[in-house]
Amino acid sequence: MIDFHNQENRSTYSTREADFTWVNRIKDICDIKGKNVLDIGCGGGIYTKALAKMGASAVTGLDFSEQILSSAIENCKDIPNIDFEFGNALDTKLDAGQYDLILERAVIHHIHDLKSCFQEMFRLLKSNGLCIIQDRTPEDCLLKGSNTHIRGYFFEKYPSLMKKETSRRYSSEDVCSTLQDIGFKHIKEYKLWEIRKIYEDVNQLAADLLKRTGRSILHELTDHQLEELVQFIVGEFAYAENERIIEKDRWTIWTAIK
Ligand SMILES: C[S@@+](CC[C@H](N)C(=O)[O-])C[C@H]1O[C@@H](n2cnc3c(N)ncnc32)[C@H](O)[C@@H]1O
């Protein structure tokens with residue numbers, strides 16, 4: 001499993017910029033301008049930075065890994081209205097009722113107690129504040145591999161990873177019913193194909209996969225298994241080895257209002 005507290009993984013969630021597919025979808029959902037925003041499980045600050053650039057008055061990034069937070073601070077150092085807090089999503093110790101918007105992107109599959117996690121968001125939001133939760137459902141994860149959906153190949157090569165992946169992912173019903181039980185209103189669900197990264201050719205993709213960057217599921221494989229997976233994926237692109245690859249991930253986004 002990935003160890004978020006290990007120095008080696010410090011930059012694993014800071015090496016990309018948020019893609020326009022994500023920015024546009026969030027803009028469709030709400031107007032960020034002037035909002036006081038909290039990004040829980042902010043990782044390397046990719047989306048903390050994007051939210052600030054989208055016009056938030058202030059953005060706080062919170063994470064429970066000091067190593068990862070240090071990479072977020074470095075990543076966002078040129079943006080004045082961002083600050084960071086060390087804390088746990090289940091009990092942040094932040095003051096209640098101060099945020100217009102809270103984002104939890106790619107965090108809930110690392111959380112065993114969804115109810116406490118959502119209760120903490122509810123506590124932190126202002127009345128009528130909005131929470132945005134983004135993660136993959138088991139259905140999102142198990143979509144087949146293709147020339148854009150690279151992740152699907154992981155499970156074709158190693159079906160045993162499927163069990164690990166689907167057992168840590170919440171179904172949409174779990175997310176919606178937990179939000180409802182806590183008292184959130186106007187719960188909505190969206191699907192998003194988010195561009196993850198563009199590679200000039202398959203060799204660049206192979207190099208990225210071998211680093212496991214931002215792909216916690218690959219920490220379940222030994223180095224040898226990972227090399228075999230990369231060979232398998234390179235083989236899938238044999239017909240187009242010099243062509244650009246636009247990698248996309250399929251996500252579910254839930255929104256709810258306090
Ligand atoms: C997959 S990364 C996502 C990072 C960022 N949100 C993004 O989308 O790029 C998950 C992040 O959640 C953090 N995390 C996991 N469990 C947490 C918890 N209980 N409290 C705070 N942060 C947590 C990890 O340290 C890691 O930085």
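Let's start with asparagine 128, which sits in strand β5. Here helices (H or I, at least four residues) and strands (E, at least two) are DSSP runs, numbered from the N terminus. Setting aside neighbours within four places in sequence, asparagine 128 is in contact with Lys185, Ile257 and Lys258, where contact means heavy atoms within 4.5 Å. With a relative accessible area of 55%, asparagine 128 is exposed. The cut-offs are these: buried is under 20% relative accessible area, exposed is over 50%, and partly exposed is in between (1.4 Å probe, protein chains only). Threonine 48 is 80 residues from asparagine 128 in sequence, and their C-alpha atoms are 21 Å apart in space.

A quick word on what you're looking at: this is a predicted model, in which local features need pLDDT of at least 70 and side-chain atom pairs count only at pLDDT 80 or more, while totals for chains, interfaces and linings use all residues. Residues are numbered from 1 along each chain as its sequence is written, and side-chain values use heavy atoms, with hydrogens and water left out.

Now look at isoleucine 132, also found in strand β5. Is isoleucine 132 buried or exposed? At 2% relative accessibility, isoleucine 132 counts as buried. Leaving aside neighbours within four places in sequence, its contacts include Ile26, Leu101, Ile253 and Trp254. Leucine 101 is 31 residues away along the chain, yet its C-alpha atom and that of isoleucine 132 are separated by 7.6 Å.

**Charged pairs**

Side chains of opposite charge can pair when their charged atoms come close. A salt bridge is a side-chain nitrogen of Lys or Arg within 4 Å of a carboxyl oxygen of Asp or Glu. How many salt bridges does a search of the whole structure find? It turns up 22. Here are some of them:

| Salt bridge | N to O distance | Separation in sequence |
| arginine 250 and aspartate 140 | 2.6 Å | 110 residues |
| aspartate 249 and arginine 151 | 3.5 Å | 98 residues |

Arginine 136 counts as buried at 4% relative accessibility, and aspartate 249 counts as buried at 2%.

Arginine 250 forms its salt bridge with aspartate 140. Since arginine 250 lies in strand β7 and aspartate 140 in helix α5, the pair ties together parts that are 110 residues apart in sequence. Arginine 250 and aspartate 140 are buried too.

Aspartate 249 also meets arginine 151 in a salt bridge. Arginine 151 lies in helix α6 (residues 151-157) and aspartate 249 in strand β7, so this pair ties together parts 98 residues apart in sequence. Both of these residues are buried. Salt bridges that share partners join a set of residues into one network, among them Asp135, Arg136, Arg151, Glu165, Arg169 and Asp249.

Not counting residues up to four places away in sequence, arginine 169 touches residues including His109, Arg136 and Cys141.

**Cysteines**

A disulfide is a covalent bond between the sulfur atoms of two cysteines. The rule used here asks for a pair of cysteine sulfur atoms within 2.5 Å, and the count comes to 0 disulfides. Cysteine 42 is buried, with a relative accessible area of 7%.
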